[in-house]
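Subject: Structure for you to look at

Hello,

Here is the structure I promised to pass on. Please open it alongside this note, and my findings follow below.

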Amino acid sequence: MAHAAFESANYGRHAAEIDQNVRKAAARTCMNIAHLLAPNPGVFTGAGTNTYVVGGDRRALVIDPGPVINEHFERIVETIGGRETVGVVVTHTHADHAPLANPLGAELGAPVYGFAPGPDFMPTDLVGEGDRIGVEDEFLEVVYTPGHSDDHICLLLGTNLFSGDHIIGGSTVMIDNLSKYLASLEKLRPMALSKLLPGHGPAMDDPAVVIDYYVSHRRERENEIVLALENGARSVGAVVTDVYRDVPEELHRIAALSVAAHLRKLTDDGVVTFDDDAAFDLWDTLVAMVRS
Ligand SMILES: [Zn+2]
């Protein structure tokens, strides 16, 4: 499957596909899974954040309500309809996933679940690895998957995995900690998943293939970065220019985040060393600049 880096511009054309795939997923659990696309398109969010409403006839639960946008809030409430809301869960606390959770929980009188508090997010109930959140006769099981962010969880429903930003459809995940990220991918391998329902982009029917691709893509990237260093690159910028020479320049700032994550892992692994401590400061400054 085509998963070239930085395909975020292609999200739009997958919109119809998402709903179709979600309907297929619903066949594998007795729960009904509704997909709502938040209207927050962008470089990091593709067509927008995927919000899911999971439930049966009487009860429903919301996954990743997204940013505070009135129109989206109303669509979520409408989708829940007359059902009791048993929870609002976030996969992580980034601004495109979590800020609507507390207002929604307050409006619906529902508990708000997350791994940790965040800038615009305060869970009423903390959840972690192995915890279960019941929805009618089934439950969502929490799988702790740090890497994209340190507070990231995926949610397992039957053999369907709500993967948040750990694995997204049609684009490359931004990574905070690559060592943890790869460990979190490896953790999913033995789970015999049948479907990934991501935080952005279309649902995926072949989790094992996707996970293999993600791992090999990262290894390939790492080899390219080591090669760039061997060829004399001595800054994040120089590595980006070398490794991402075929990628449009406006995406190089994003690529720099990925390169920085790789360099951190390579230093953790003892493959790369810096000449002195000042290099670390420079590097952090650069990363901070790129992020802002
Ligand atoms: Zn996101």
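The chain has 292 residues, and 44% of them count as buried. Eight helices and 11 strands make up its list of elements.

Confidence

The average pLDDT of the chain is 86. A score of at least 70 is reached by 84% of the residues. Be careful with residues 1–18, where pLDDT stays under 50. The model has 30 contacts beyond four places in sequence for that stretch. Where pLDDT is low, the predicted coordinates should not be read in detail.

The sheet

Six strands form an open sheet with mixed pairing. Their order is E1-E2-E3-E4-E5-E6. E1 and E6 (125–126) are the edge strands, and each pairs on one side only.

Look at E2 (residues 50–55) in particular. Six of its six residues are buried, so the strand is largely enclosed by the rest of the structure. Asn50, Tyr52 and Val54 point one way from E2. Thr51, Val53 and Gly55 point the other way, and these are buried too.

What sits beside E2? E1 (residues 32–37) runs antiparallel to E2 and is joined to it by six bridges. A hairpin of three residues links E2 to E3.

Helix H2

Which residues of H2 (residues 70–80) are buried? They include His72, Ile76 and Ile80. Seen down the helix axis, the buried residues of H2 fall within an arc of 75 degrees, so they line one face. An α-helix has 3.6 residues a turn, so residues three or four places apart point the same way. The face of H2 turned away from the buried side carries Asn70, Glu71, Glu74 and Glu78, which are exposed.

What covers the buried residues of H2? The cover includes the strands E1, E2, E3 and E4 (84–89), along with helix H3 (101–108). After H2 comes Gly81, with a positive phi near 60 degrees.

The core

The largest nonpolar core holds 69 residues. Val54, Leu61, Leu155 and Val259 touch the most other members. Helix H7 (residues 252–268) gives the most to this core, with seven residues. At least three residues of the core come from each of domain 1 (8–205) and domain 2 (231–291). In soluble globular proteins, nonpolar side chains tend to be buried together.

Leaving out residues up to four places away in sequence, Leu155 touches Ile63, Val89, Leu140, Val142 and Phe162.

Best wishes

How values were computed: Residues are numbered from 1 along each chain as its sequence is written. This is a predicted model: local features need pLDDT of at least 70, side-chain atom pairs count only at pLDDT 80 or more; totals for chains, interfaces and linings use all residues. pLDDT is the predictor's confidence in each residue, from 0 to 100. Two residues are in contact if their C-beta atoms, placed from the backbone, lie within 7 Å. A nonpolar core is a set of buried Ala, Val, Leu, Ile, Met, Phe, Trp, Tyr and Cys residues joined through C-beta atoms within 7 Å. A residue is buried if 20 or more other C-beta atoms lie within 10 Å of its own, exposed if 12 or fewer, and partly exposed in between; C-beta atoms are placed from the backbone. Helices (H or I, at least four residues) and strands (E, at least two) are DSSP runs, numbered from the N terminus. Domain bounds come from an automatic or database domain assignment. Two strands pair if DSSP finds at least two bridges between them. The arc is that of the directions from the helix axis to the C-beta atoms.
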